[in-house]
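Here is a short report on helix packing and nonpolar cores. Look over the sequence and the model before reading on.

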Amino acid sequence: MEEDLFTMTHGLPLKVDGDDKCLTMLHAVEETIARQLRACKATLSKKRVTEDIEPLQNNPDLEEGFCKSLLCRLRFRKHFYHVVTNMKRPQGRGLELAKKHIACCFEELDSMIKSAEFLKTINSPGTLEDGMKNETTASGCQPVGFDSTLNSRLSAPTPPRAIETISWKKATEYFQKLLHELEIICSYNLDPVFEGVLRFVVEFQKFQPELVARAHLQHLLVQDGKLYGRDSVFAVICKASLLPEVVKNHDIQKNETVVQLGQLLITFLRVLCTNISWQRRKLGKILQDWRIIHVQLELAFRKEFGDISATSSNENICMKMCRHILIWVEEQTYWIASRFLMLGFELDLYSTGEYCMVYWYMYIILIKLAEKTHMRAMTSNEISKRKGKKKRDLVKDAGKDYQLPPAILFLQCHVYLAEGLTMMLAALRNERKIYLSTGPFNSEHERFVQHFELLLKACLPDHVSYYSFEETTAHARLSNVSMYNCFKEAQRIAKELRSSFSNDSDKMAELRRIEQVAEHNSVALGLISRLGTVDSSLKVQFEFSHHPFFATAVVKRS
């Protein structure tokens, strides 16, 4: 468990002579074994020269295989050491070199796996291959240097749990997975745009990375209070909120509240690198901090610059900057809220009877997120259009038909899916009395508060309560839901967006998932609305076969 990991070493000399001496020793041992391997391969005429080299074991016929087995293990450790040290280099300078050592690690790991059969044969002849699944080493011998009771004897005050040493097979699988995750981190292009950073971390978390990989990711993202150790937090905020480059050196960055915002942003990045259960708890708790910082920023900006809601064409750069930052803070707050709700599906925190209230809350959060993202884009467009244009040109532009940017339409797809599932589930509850959120211990109202307490405390959004959920869903009917089919709208927009994201594999994959969910739910809704009132044998189930967060309705006859 990650909770058992503490920085104290309890007197264990983990770094007595330093890593440099360890590497020197590895090189020396590797050279000795490599010399022994060359001696094994030498012809009879050359064997006289190598007679002074002492064999590593008694059977000369097994010497070559034994040397190869030892060499690949030593080289794996050496290359893995270089991977770790290069990934720790500041500002991501060692990532390319780390990638080369990762490739070498994969090669040596393959050699280790191939040599397992040889080591098993010389140590435990006649043993069945299935025995390898339970053995902790490739040879079947007891591992050297590990004490399974160390945790219960020396760890911090936790329930005593002895460490179970994993099998050889699981160990090799672990390192294959870990190396793959580290390779993904090393291939990251260090995107300076905060939105790109968020996207990378979320996509990386889909691999369910282990603690080691997530720790390296966190170290890469946050170094010396800067993004990648090179970009100041204020510069990141300016770029993310679409402010011009000249603003990043403005004195406002010294404002106490702006400094607090920077610290909050660093905490946010670190939280995103934790495991998903810990991440969800922490995201829920920092929501209030983001709401409070928005209020504090607004007050601080008004105190220093006056009314920041001014929209006149001659507003100064400080007011523009304040408005941009405030909109961006709100956008991030709603992004955190949406992530908080979606992680609940990954952690199986919601029962089927609670899906209706969850999708309803997701719907209103996603609408707000799309609204704030749109406001940020619009504010940036207005400023860029004003430059070099006369007032009458601006009036002409305002009269033109405005098209929503692809990023907003992409969010709109999720909005439609959440709305469609909310109304579909509400109609099934109202007309067919299924998926009602009932239980012997607490009411639906109490479960609503339990699930969304942290969102309600942060007032996200304002004036939301269980009663507004009840009022919205009380009159839902299958006939009305099928008439205004949100799933068809989501499917239509997703198809139109293909050309906009043709070069983005992640977005294209998400669009395909959206289309699948929308298409299946649209068909299911049509079947239920046509046959549901006359055929009581129809059963509706909800599965996550096409999307991790948006359910797909499956209609069957009982």
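A crossing is left-handed if the near helix is turned anticlockwise from the far one by less than a right angle, and right-handed if clockwise. The crossing of α5 and α7 is right-handed. Helices are DSSP runs (H or I, at least four residues), numbered from the N terminus.

This is a predicted model: local features need pLDDT of at least 70, side-chain atom pairs count only at pLDDT 80 or more, and totals for chains, interfaces and linings use all residues. Residues are numbered from 1 along each chain as its sequence is written, and side-chain values use heavy atoms, without hydrogens and water.

The axes of α5 and α7 cross at roughly 15° and come within 9 Å. Axes are lines fitted to C-alpha atoms, for helices over the stretch in contact, and angles run from 0 to 180 degrees between N-to-C directions. That crossing makes α5 roughly parallel to α7 (angles under 35 degrees). Contact means heavy atoms within 4.5 Å.

| Helix | Residues | Residues in the contact |
|---|---|---|
| α5 | 168–186 | Tyr174, Leu178, Glu181, Leu182, Ile185 |
| α7 | 211–221 | Val212, Ala213, His216, Leu217, Leu220 |

Now the interior. A nonpolar core is a set of buried Ala, Val, Leu, Ile, Met, Phe, Trp, Tyr and Cys residues joined through side-chain atoms within 4.5 Å. Buried means under 20% relative accessible area (1.4 Å probe, protein chains only). The largest nonpolar core has 139 residues. Helix α11 (residues 317–346) gives the most to this core, with 15 residues.

Thr257 is found in helix α9 (residues 256–272). Thr257 counts as buried, at 12% relative accessibility.

Methods: Helix = DSSP H or I, 4+ residues; strand = E, 2+ residues; numbered from the N terminus. Parallel < 35°, antiparallel > 145°, perpendicular 65-115°, else oblique. Buried < 20%, exposed > 50% of the residue type's maximum accessible area, 1.4 Å probe, protein only.
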